[in-house]
Amino acid sequence: MWYTDGMKRLHKKLDFPFRRVLAVLLAAAMTFALTGCSVRELHIGQVEVNTGAGTAWITPARGVDRFDIPAADFSAGADGSVTYTGTAYRALQGIDVSTFQQDIDWQAVADSGIAFAVIRAGYRGYGKGGIVEDDRFRQNVAGACAAGLRVGLYFFSQAVTPEEAAEEAQWLVDAARDYKIDMPLVFDWENIDQSTVAAGDTVRTAEMTGEDVTACAAAFCETVTAAGYDAAVYGNRWQGYYDYDFAQLKDYAFWVSAPGTADDFYYAHDFWQYSYDGTVPGISGSVDRDLWFVPITT
């Protein structure tokens, strides 16, 4: 059995690790009661962040830039879209898609104001680990390019070693060569919740640690850049704060999945996935919505 739904639904599972969050909150409450100190006095040198499961205090990674757009610079529309209203960036509206969206009218998508699309090219199965091409990869890339959209590609990874991640990257590079790809090739590694898979199926990535996943991400991005393409890493808030070591990935773009009406991810990033259930003309049903922050230089 193959995992075929890419970025679409697992984040809800990932964003609710209640036991870990509860333990942090209980420890903070006990310390507060014993010392009589204020919460902020107990967390000198730390910052409070939204992990997707609530708020938590983290120690910022050294040498990693902070995201510099305030919440006041975002505006939510009645249709669920979010726009950037500041002046430091040009924020392009985009979508990310896979076979999940079925047939797409790409010209209607472009006419609606969508400027870019990140398209799933393939994925590695979570069981046996084979690489599979997305059923609508070639159809989607051809349609998006013909409609004049900027195009990037992502690979849904279930790599368990850097060597497998490099293999995935090379597969994606080879797939990209037939098209005009002018955005990054993206490493999308996600946890699989064992409770969501069929009885008897095993999850080959179950024992992976944040250190392991960071090593895989680095190997993927190194292979992509060696082939002359830009590389990026995709992850949700929890992965960004607790799994990925950005000191090792600082040379690559980061694409954060952080649904909401304002971008609140602490570390610097280039792409923001702000909705899992957006609507766009030309697509039946829901689609992920994204913003791409392009700095304005004078």
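Biologist: Why is the crossing of H6 and H7 called right-handed?
Modeller: A crossing is right-handed if the near helix is turned clockwise from the far one by less than a right angle, and left-handed if it is turned anticlockwise. In this predicted model, helix H6 (residues 162-176) and helix H7 (residues 210-226) pack at about 35 degrees, with their axes 8 Å apart. The crossing of H6 and H7 meets the clockwise case and is therefore right-handed. The axes are lines fitted to C-alpha atoms, for helices over the stretch in contact, and angles run from 0 to 180 degrees between N-to-C directions.

Biologist: Which residues of H6 and H7 meet, and how do they divide by type?
Modeller: On the H6 side they are Pro162, Ala165, Ala166, Glu168, Ala169, Gln170, Leu172 and Val173; on the H7 side, Ala215, Cys216, Ala219, Phe220, Thr223 and Val224. They divide into eleven nonpolar, two polar and one charged. Here Ala, Val, Leu, Ile, Met, Phe, Trp, Tyr, Cys and Pro count as nonpolar, Asp, Glu, Lys and Arg as charged, and the others, Gly among them, as polar. Glu168 is therefore charged by this scheme.

Biologist: Is Glu168 buried or exposed, and how do you know?
Modeller: Buried means under 20% relative accessible area, exposed over 50%, and partly exposed in between (1.4 Å probe, protein chains only). The value for Glu168 is 0%, so it is buried. Beyond four places in sequence, Glu168 is in contact (heavy atoms within 4.5 Å) with Arg124, Ile131, Phe155, Ser157, Gln158, Ala159, Phe187 and Phe220.

Biologist: What makes the link between Arg136 and Asp103 a polar contact?
Modeller: A polar contact is a pair of N or O atoms within 3.5 Å; within protein, one must be able to donate a hydrogen and the other to accept it, and residues adjacent in sequence count only if both atoms are side-chain atoms. The side chains of Arg136 and Asp103 are joined at 3.3 Å, so the pair qualifies. The two residues are 33 apart in sequence and 8.0 Å apart, C-alpha to C-alpha. Arg136, in the loop between strand S7 (131-133) and helix H5 (137-146), also has a polar side-chain atom 3.5 Å from the backbone oxygen of Gln102. Gln102, in the loop between S5 and helix H4 (106-111), has a positive phi near 60 degrees, although it is not glycine.

Biologist: How do you know that S5 pairs with S13 and with S6?
Modeller: Two strands pair if DSSP finds at least two bridges between them. Strand S5 (residues 89-97) and strand S13 (residues 287-295) run antiparallel with eight bridges, and Arg90 stands opposite Val294. With strand S6 (residues 116-124), S5 has four bridges in the parallel sense, and Ile95 has Ala117 as its partner. Both counts reach the limit of two, so both are pairs. Seven of the nine residues of S5 are buried.

Biologist: What qualifies a stretch as a helix or a strand, and how many are there?
Modeller: Both are DSSP runs numbered from the N terminus: helices are H or I of at least four residues, and strands are E of at least two. By that rule the chain has nine helices and 13 strands.

Key:
Residues numbered from 1 in each chain as written. Predicted model: local features only at pLDDT ≥ 70, side-chain atom pairs only at ≥ 80, totals over all residues. Heavy atoms only, no water.
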